[in-house]
Amino acid sequence: MTSDASRQARAGDSPGARAMVNGEASRTTRELFLGEGAGGGTQNLTVNIGPAHPAMHGIIRILAELDGEIIVKSDVEIGYLHRAFEKDCEVGPWNNAMPYTDRLNYVSPLINNFGYCSAVEKLLGIDITERCKYIRVIMSEISRICDHLTCVGASAMELGAFTVFLYMIKAREFLWELVEDVTGARLTISYGRVGGVKADLPAGFDDKVKKAFVEVRQVLEEVHVLITGNRIFMDRMVGVGALSAEETVAWAITGPLLRAAGVPFDVRKAQPYWAYDRVQFEIPLGKNGDNFDRYLVRMAEMEQSMRIVEQALGALPGGSIQVDWEGKAIDPAAYVDRGKQGKTEGLLFVPIALSPNLQGQGRDAQKRVNAPDKRVVLPPKENTYGSIEGLMNHFMLVMEGFGIRPPMGEAYFAVEGANGELGFYVVSDGSDRPYRVRCRPPCLPPVAAMSRMIEGQMVADIIPTFGSVNMIGGELDR
Amino acid sequence: MDGQAILARLETRLGARLLGTHDHRGDHTAIVAREGIIEALTFSRDESDLRFNVLMDLTAVDYLKLPGREDGPRFDVVYHLYSIPHNHRIRLKVPVEQDDPVVPTATSLWPIANWLEREVWDMFGIRFAGHPDLRRLLMYEEFEGHPLRKDYPIERRQPLIGPKV
């Protein structure tokens, strides 16, 4: 074969060339594959990305219309993780919604717990104790760091930086150990209670936090060295998925995405709640509103969160808890027996050795962390077992038809979740169960704006953009 | 701006279309008639001393079983607005009758209203007149009924997917 002939043969393979079908040159190769009418021109291709695609984190579907590799139009479909959160809340008493709120944003469940509690407290018109405010701040900020670590780690992994993911998950592990220490669980913590928190902080918590933060800071430094100036990482992130400040606001996007566009809105600063007006911190801002700025904002926010936790631990009223029941304490069974025999005189003042499961829930600790309101807060276990008043109070709160009964009305309370403003709108009809609970999910607006963010970009750009949105299925679909 | 002053501004603008106000637990709320809601939203967004530029939330409440409201309009569509420049909030509520559950859409004011209204349609069956794409958001197309309505029983089961047989 001469070189000319071979060139001709190769040209025959190109899409525009005529193919021989049944001996007649009637259809192009393109038509053979794409059907009649495909012609020599181009046509847009519709591609389904997700919901089973790992980069969609399992639960959303993007129907993208592609021109080559450019996304012309897309439609985002959600709802695959809908679990009727709002409907379920209406069925049980007010405190029963707590485990459901854990499962909204399952990376930072503590913030959801406290946000819901604060909304109900606002509806009830009660104030929580100073120490409880600080505990909520401390645990929320630890959760925020966990959330940002997961978001940055996972999106870096999707861009090929697997080491970053491993490092960040390692750092998160240290923080989750703190969470476990306080709440007894790692993920589904159910630590918030209307009127307070489940239990006081354990002994020696400050030291553990200090140790964990050393590790987290080291990881953040390593990650900065690994990817912040990394050519591959920056090529995928800088200028990708950008939204202008005006558009971000119009889409009601809050949190790190809004601040990356240069708008200094943070609920913690704008309308301070709990103890946020008593700690010093800054709001890190970006400029371009692209994925890279979102990454930088999140990295800077983690440092600010650690600052807040350290200050709050220093200012924690009441100091750290020293459980010193040893020696003086009596066995709970003996305590109950004494109560049964009617020997209740002075019994309320006898310290009791609580089971380790109830650590931090003793009478002294309860007083520090829970609002002094019998209509809302369960009595300490000593009172429940040791006096008829305590027992009655306990039953009045847990029996069906009794329990917490906010007066008829409505209230909206917003906290700064890891992804932006997390609002709870609660309506009461005066009974012991919520009439309506609405969660304003912070990651719904950015997912709604996804189509706009990826429009005109390459297919591969979906991955970092979707990562920077930090879509959390639990709160998106509720 | 003080919440009472915002309500006063809305009152002068809307006149009789403002049906009532309250500030339960410090949340200033204006109850607006359906005919006045788009004007109220536009006014709140554009007026220089109000500048409510964020539609924080849009939802609804079904008052079918609320004691004392058996005869009133069944639904309320609830708008939570926030102003970044002025750092204030307001809640607007539109009462909607059961027989005519339609509210004009706010999609021309805020693009996010698109999804939020789709969710309200999905969950409560309230239509938004002029909405460009009023599909269900969380449930699937074949789903029957609107689950957050008070007369939708929580234990009711429907096939998860697929056409009816």
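Among contacts in chain A between residues at least 6 apart in sequence, what percentage join residues at least 24 apart? In this predicted model, the share is 68%. Chain A contains 21 helices and 10 strands, and 49% of its 478 residues are buried.

Two of the helices of chain A, α8 (residues 205–228) and α13 (291–315), pack against each other. Their axes come within 11 Å and cross at roughly 165 degrees. Because angles over 145 degrees count as roughly antiparallel, α8(A) and α13(A) are assigned to that class. The crossing of α8(A) past α13(A) is left-handed. On the side of α8(A), the contact is made by A:Asp206, A:Val209, A:Phe213, A:Val216, A:Leu220 and A:His224, which meet A:Met299, A:Met302, A:Met306, A:Val309 and A:Leu313 of α13(A). By class, the residues of this contact comprise nine nonpolar, one polar and one charged. The spacing of such residues can be read against helix geometry: an α-helix has 3.6 residues a turn, so residues three or four places apart point the same way.

Two loop residues of chain A have backbone angles of note. A:Ala252, in the loop between α10 (245–250) and α11 (256–260), adopts a positive phi of about 60 degrees although it is not a glycine. A:Ala252 has 31 C-beta neighbours inside 10 Å and therefore counts as buried, the threshold being 20 or more. A:Trp274, likewise not a glycine, has a positive phi of about 45 degrees. A:Trp274 is situated in the loop between α12 (267–270) and α13 of chain A. With 22 other C-beta atoms within 10 Å, A:Trp274 is buried.

The contact between the two chains draws 35 residues from chain A and 28 residues from chain B. On the side of chain A that touches chain B, at least two residues each are supplied by α3 (85–89), α5 (109–124), α10, β8 (409–417), β9 (420–428), β10 (436–440) and α18. The residues on this side of chain A divide into 19 nonpolar, six polar and 10 charged.

Of the 12 residues of α3(B), 11 are buried, so the helix is largely enclosed by the rest of the structure. The buried residues are B:Ala113, B:Trp115, B:Leu116, B:Glu117, B:Arg118, B:Glu119, B:Val120, B:Trp121, B:Asp122, B:Met123 and B:Phe124. The elements against which they pack belong to both chains, namely α18 (444–448) of chain A and β3 (54–62), β4 (75–83) and β7 (127–129) of chain B. After α3(B) comes B:Gly125, with a positive phi near 70 degrees.

Elsewhere in chain B, B:Thr29 belongs to strand β2 (residues 29–32). When neighbours within four places in sequence are left aside, the contacts of B:Thr29 are with B:Thr21, B:His22, B:Asp23, B:Arg91 and B:Lys93. Between B:Thr29 and B:Tyr82, 53 residues apart in sequence, the C-alpha to C-alpha distance is 13 Å.

Key. Residues are numbered from 1 along each chain as its sequence is written. Chains are lettered from A and ligands numbered from 1 in the order in which they are written. This is a predicted model: local features need pLDDT of at least 70, side-chain atom pairs count only at pLDDT 80 or more; totals for chains, interfaces and linings use all residues. Helices (H or I, at least four residues) and strands (E, at least two) are DSSP runs, numbered from the N terminus. Two residues are in contact if their C-beta atoms, placed from the backbone, lie within 7 Å. Axes are lines fitted to C-alpha atoms, for helices over the stretch in contact, and angles run from 0 to 180 degrees between N-to-C directions. Angles under 35 degrees count as roughly parallel, over 145 as roughly antiparallel, 65 to 115 as roughly perpendicular and the rest as oblique. A crossing is left-handed if the near helix is turned anticlockwise from the far one by less than a right angle, and right-handed if clockwise. Ala, Val, Leu, Ile, Met, Phe, Trp, Tyr, Cys and Pro count as nonpolar, Asp, Glu, Lys and Arg as charged, and the others, Gly among them, as polar.
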